[in-house]
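Thank you all for coming.

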Amino acid sequence: MSNSGERGRTPSPSRRTESENTPGQKAAQRYFEIFNKSLFISIFGEETVEKWTLEGGIDWKLLSDTSIPLESAKRRSNIRTLRRFLNCYQATGAQNPDCEKLIRSIMAADDVAAAVPAERAKLLALRYFDRLFPFAKMAITSKTGGVQLGFVLRILPRTAPDCNEVKYYVKTHAKGEISEASTAPKPFHPGELFVYRLLDELDVGCESHFFGRDERSFYIATRDANEKGGFQEYRKIKGDAKEAPHIWGVLCKFLPVSDERPREPDYQAIEAAVASDKIAQNFINQVTILDLLERLLLLSDLEGNTANFGFVRHDGKLPVLKVIDFRLQEDVDYDILHFIGEGILRPLLNSHKNFKHSKADAAIRYVLQNRPVHLKVAEAYKALNTCFANIAEDLERVKQSTVETIEHYIPREEAAKLVQTLETYVDLLQYRFANFRTAVTKYIKNGK
C-alpha cells in the first residue's frame, strides 16, 4: 500500500471531523456534574461544605470549568482534597445514602477519566493517519510489551486485496502516560522525536510519525520493521544456534552462542577468519554503529536491551541493523559535555576495562570489549565515513523538520522552549561527532 503523505511533513486535513466531545471533555463533564458545590451542599449541608472549602482551599469555580484539562495539577489537587473529606465523613459512621450514591458516581467518573489517555491517543492517531491513507480502513489492536501507553494501528486496503497491510506501533513519548498508571504526564523532550527521525534518516531506524494535542499528550508512531519480513529482535537471535550464524557469521565458530560456556577468545584466529567472512565483518560494523549511536547521541536502554534493536535479513543480502526503541539519557549536563574534547574517545579505548553491559552475549562483548583496541578504532573510523559520513548535514536537516513538527502542534510559548531545548541538544551532538572524528583520525594517524 502506498503512503499518500510525505515523510516528515504535516498531512493535509482529515475526513474525520474535530468532534467537540473529545474523550477528555466527556470525562470533564462527568466530574463537573459531580463536583458541584450546590450538589455537595444538598448532601452535606452548607456549613460542612463551607468548612471543607476553607480548610481545603477548594476552588469550586475551577472544578466547574470543563475547559480545564483533566491533567491540570490544581484540578487533581482539589479532587484529592474532596476525596479526603468524603473519606473522613464516612469514617464518622454517618448514615447518608446520598453520600454513598455520590461516592459511587465518583468511582464511575474515575473509570471514564482513566480511559481518557488511551481514547485520546486512538482518536488523534486515527485523525493523523486518515490524512496519510484517506481511502484505507483502519483497525486498532493491543500492543505487547513496553510500559508506555500505546497500541498497534493497522492500515487495511479498502479496495485492493493484493495490497499489503501497513502496521504502525503507536505510543506516548517517554515522559507521557504510562499503561495502567495515574502518573501525570510531563512535557516531551524534543530530542526523542529528533533521534527517531535521525535513525530513519541514517537507515538504521523505522519510518516515524509524530502528532499530539500539546507538549504532554504527544505520540510517536513507528512503522513495523518486519513489514517486508526478515526482521528479528536481537534477543531472539543471540541464543539461537540456528539463527546466530546468519548474523554473526564465522564468529559462531569461536564464540559461544550461549553464555553457558564462556572462554577466552583467540584473537588472532578470530581476526584471520573474519578477514574472509563478509557476514562477520558486517556484524562487527553494524554493532559498532549501534555503539556509536548510543555513545554520541547520549542514548540509553539500547545496547543493553536486546528487544530494542535487531536485524533485517533477506536472502542474498547482508543483515541490516534496525533500532526500534531507545531512551534519552536523563540528567545529562550538556554544559559539562561541551568540554570533554578528545576525551570523547576514552570510553572506546578503555572499553576492555569498563564495559558497561554485563549481560551482553559473547559476540557483542567481543566486538565492543575484547577486540584489540586498534581494530575497534579502525571500525569506528569506517563507520564515521559510511553511516555517519554526512552527519553534520543530517543533524541540521533533521533538526529543521523536527522544529516544523513542534511548531505545528504546540502553542507558541511552549514551542519556543522546546525548540530551544532541541537546538541545545543538536549543537551538542554536532560538537560530539566533530570531536570524536578528530580524536579517531588523530589516533589512527599517530599509529596508536
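Which residues are buried in α1? Before I answer, please keep in mind that this is a predicted model, in which local features need pLDDT of at least 70 and side-chain atom pairs count only at pLDDT 80 or more, while totals for chains, interfaces and linings use all residues. Residues are numbered from 1 along each chain as its sequence is written, and side-chain values use heavy atoms, with hydrogens and water left out.

The buried residues of α1 are Pro23, Gly24, Ala27, Ala28, Tyr31 and Ile34, where buried means under 20% relative accessible area with a 1.4 Å probe, protein chains only. Looking down the axis of α1, we find these buried residues within an arc of 125° (taken from the directions from the helix axis to the C-beta atoms), so they line one face of the helix. They pack against α2 (37–44), α5 (73–91), α6 (97–114) and α7 (116–132), contact meaning heavy atoms within 4.5 Å.

Let me turn now to the strand, β5, which covers residues 218–223. Six of its six residues are buried, so β5 is largely enclosed by the rest of the structure. Phe218, Ile220 and Thr222 point one way from β5, whereas Tyr219, Ala221 and Arg223 point the other way.

As for its partners, β3 (residues 166–172) pairs with β5 in the antiparallel sense over five bridges, pairing requiring that DSSP finds at least two bridges between two strands, and Val170 has Ala221 as its bridge partner in β5. Strand β4 (residues 208–212) also runs antiparallel to β5, joined by five bridges, with Phe210 opposite Ile220.

Terms used: Buried means under 20% relative accessible area, exposed over 50%, partly exposed in between (1.4 Å probe, protein chains only). Helices (H or I, at least four residues) and strands (E, at least two) are DSSP runs, numbered from the N terminus.
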